[in-house]
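Before reading on, please take a moment to look over the sequence and turn the model slowly on the screen. The paragraphs below lead from a whole chain to single residues.

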Amino acid sequence: MIEFSCVTKHYGDITAVDSVSFRVEDGQVCVLIGPSGCGKTTTLKMVNRMLDASSGEISINGRNVSELAAEQLRRGIGYVIQSVGLLPHMNVRDNIAIVQRLKRVDRRQRYRRADELLELIGLDPEQYRLKHPHELSGGEAQRIGVARALAADPPILLMDEPFGAVDPLNREVLQTEFLRLQRALKKTVLFVTHDLDEAIRLGDTVILMKDGQIVQHDSPERILAAPRNQFVRDFVGADRALKRLSCFPVEGYIREAQQIAQQDAASFSNGGRGPDSVVWVYGADRALVGMLQRSSSGYKVITLKPEEVGVVPLSSMKEALSRLLGQGIRAVPVLDQRNCVIGEVRLPDIEELNQAVL
Amino acid sequence: MKRLIVPPLLFGLAFVVLLNAELLEPLLRTLFPNVREILYARIPLIDLFREHVMMVLVSSVTATVIGVSLGVIVTRPPGRDFLTVVQGLSSFAQTFPPVAVLALAVPAVGFGFRPTIIALVAYSVLPILNNTIAGMEAIPRELTEASRGIGMTPLQVLFLSELPLSARVIAAGIRTSVIINVGTATIGAVVGAGGLGVVIVAGLVRDNIAFVFSGAAAAAVLALAFDWLFGRLETLFFAPRARVSR
């Protein structure tokens with residue numbers, strides 16, 4: 001548990017953080033968000049004492065952070081930053097193992113742990129452990145950065161705009177990855193972002209800051225549905241209905257999908273289903289290859305690229321909607337890791353979800 | 001492979017010929033048929049060569065220690081105030097001709113090896129210091145931030161991230177200094193420090209081109225050999241690898 005009580009930070013005459021109090025419960029993700037200069041990053045950096053508070057108290061599991069040696073404190077807190085900060089002269093394995101090296105864990109154990117973490121973040125250790133940072137893509141480097149933060153298995157993670165420098169497509173993948181990891185690892189996370197969609201999607205609670213003060217600390221749904229004042233209303237924007245869809249993972253809205261093997265597609269006849277029904281066509285390995293569409297002369301198969309149309313159970317409903325609109329279809333397939341269809345998300349469900357609030 | 005074998009062979013051959021009186025004599029006779037006293041008889045060239053290498057090594061090691069430590073100190077937060085002062089001083093030291101430094105050092109520490117080392121060090125700290133500062137300043141701030149953030153102590157940040165990251169630039173400075181020192185060390189002869197300068201000075205005094213040639217050639221080959229060696233070390237330690245990638 002991370003607890004702030006009346007924490008203030010001055011830079012000369014400027015008050016960057018003004019008497020902030022909040023609490024992040026164990027295993028929860030708390031997202032700090034706000035316009036630039038609102039003090040969110042300063043707030044984060046005071047937790048691992050990259051900056052020291054001018055007054056007030058920050059405690060982790062009841063212990064005041066100012067009582068601990070800064071280096072010792074930092075080795076017990078995972079830290080992920082936007083620029084990643086992998087050491088360019090060390091390979092991936094040494095980069096991941098660096099915190100344990102500082103903690104004098106022996107080499108064999110460190111390397112075993114590094115391989116474990118590469119597996120965990122979905123990169124093949126054989127292929128990646130000896131690469132150098134300049135050989136990695138932005139998304140890969142960011143994952144390695146997360147792996148490094150997790151190496152010493154700290155209970156707490158601080159993430160400072162970790163996906164800010166990654167392109168939007170990769171960002172969504174990394175967010176999904178983060179949700180998957182968080183579900184398995186249950187860390188206590190303080191997360192800074194300026195991207196509202198990201199905050200809504202990843203946060204258990206969201207803290208909206210302005211001029212060093214907390215404006216609203218609430219669940220993502222409440223922030224969108226019940227903005228406390230005009231500032232919050234402006235910040236979440238007119239499209240808050242759309243943004244709200246980011247709160248919901250697809251997994252709660254999966255419907256059974258009708259699917260058929262590629263070789264049988266030609267002989268398929270409509271089994272009397274309503275206009276919403278889509279029939280997915282799978283090829284070898286049961287992986288999605290297309291969909292069946294009615295045409296004047298019966299049915300034909302339209303080829304689809306799984307990565308362009310499909311979502312995964314941890315994707316947000318907003319993502320599902322954008323796929324729906326982008327592809328001009330009535331349902332999106334929900335895919336597992338091997339691109340097999342495990343269900344679908346339908347437009348009426350999204351509409352219903354949206355009407356529930358407004 | 002060729003680059004690993006051919007240069008050392010050439011350097012070895014050149015040293016054997018230059019430092020061995022029996023082999024050097026016929027060479028000098030063909031080159032300078034009109035010179036009567038063809039070999040410097042008082043001290044064998046190989047002894048002068050040894051003194052010369054000694055001067056270069058002692059001064060370069062000293063200059064490296066001073067240059068790198070100063071460079072590190074003035075790039076730390078407490079030392080940052082001295083950055084411009086130190087840079088100014090070392091540039092000033094390099095504008096001084098080494099002979100002038102000798103002239104000032106002799107009254108203070110006497111004749112011989114010591115004033116020469118002082119002159120050489122004063123003259124060769126600059127490239128090392130400048131490169132150390134440049135190397136340190138070129139490290140992206142986020143990288144040292146990240147190093148601190150994962151729990152490195154200031155010393156660990158220095159030895160695990162900053163020095164390895166600037167090593168290539170610092171090494172280039174050391175290389176320059178050593179090469180400069182090989183040439184400048186010849187002035188040591190003026191104050192009795194020995195070295196290859198002895199033959200060159202004797203040659204100049206007696207108008208004997210064979211003496212000048214043998215000293216100058218040995219110093220030149222030594223400089224080339226050091227340069228090659230540093231080149232090899234660089235490719236060995238800083239294998240094909242991007243310096244700083246984001």
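What follows explains a few features of this model, with each term given its cut-offs where it is used.

The structure is a predicted model, in which local features need pLDDT of at least 70 and side-chain atom pairs count only at pLDDT 80 or more, while totals for chains, interfaces and linings use all residues. Residues are numbered from 1 along each chain as its sequence is written, and chains are lettered from A, with ligands numbered from 1, in the order in which they are written.

Chain B has 10 helices and zero strands, where helices (H or I, at least four residues) and strands (E, at least two) are DSSP runs numbered from the N terminus. The C-alpha atoms of chain B fill a box of roughly 70 × 50 × 20 Å when the box is taken along the principal axes. Of the 246 residues in chain B, 37% are buried; a residue is buried if 20 or more other C-beta atoms, placed from the backbone, lie within 10 Å of its own, exposed if there are 12 or fewer, and partly exposed in between. Among the contacts in chain B with a separation of 6 or more, 70% are between residues 24 or more positions apart, two residues being in contact if their C-beta atoms, placed from the backbone, lie within 7 Å.

How do two helices of this chain meet? Two packed helices are described by the angle between their axes and the distance between the axes. The axes of helix α3 (residues 45–74) and helix α10 (residues 209–237) of chain B come within 11 Å and cross at roughly 45°; axes are lines fitted to C-alpha atoms, for helices over the stretch in contact, and angles run from 0 to 180 degrees between N-to-C directions. That angle makes α3(B) oblique to α10(B), because angles under 35 degrees count as roughly parallel, over 145 as roughly antiparallel, 65 to 115 as roughly perpendicular and the rest as oblique. At this crossing, B:Leu45, B:Phe49 and B:His52 in α3(B) meet B:Ser214, B:Ala218, B:Ala219 and B:Leu222 in α10(B).

Helix α7 (residues 141–149) of chain B leads across to the other chain. Its buried residues include B:Leu143, B:Ala146 and B:Ser147, and what covers the buried residues of α7(B) includes α2 (70–75) and β6 (77–81) of chain A together with α8 (154–184) of chain B. After α7(B) comes B:Gly151, whose phi is positive, near 105°.

In chain A, the buried residues of helix α5 are A:Arg110, A:Arg113, A:Ala114, A:Leu117 and A:Leu118. They cover an arc of only 140° around the axis, which puts them on the same side of α5(A); the arc is that of the directions from the helix axis to the C-beta atoms. On the other side of α5(A), A:Arg108, A:Gln109, A:Arg112 and A:Glu119 are exposed. The buried residues of α5(A) pack against α3 (92–96), α4 (98–102), α6 (125–128) and α7 (138–150) of chain A.

A:Cys6, in strand β1 (residues 2–11) of chain A, is not a glycine and has a positive phi, near 50°. With 12 C-beta neighbours inside 10 Å, A:Cys6 counts as exposed. A:Ser19, in strand β2 (residues 14–24) of chain A, has a positive phi of about 45° although it is not a glycine, and A:Ser19 is partly exposed, with 15 other C-beta atoms within 10 Å.
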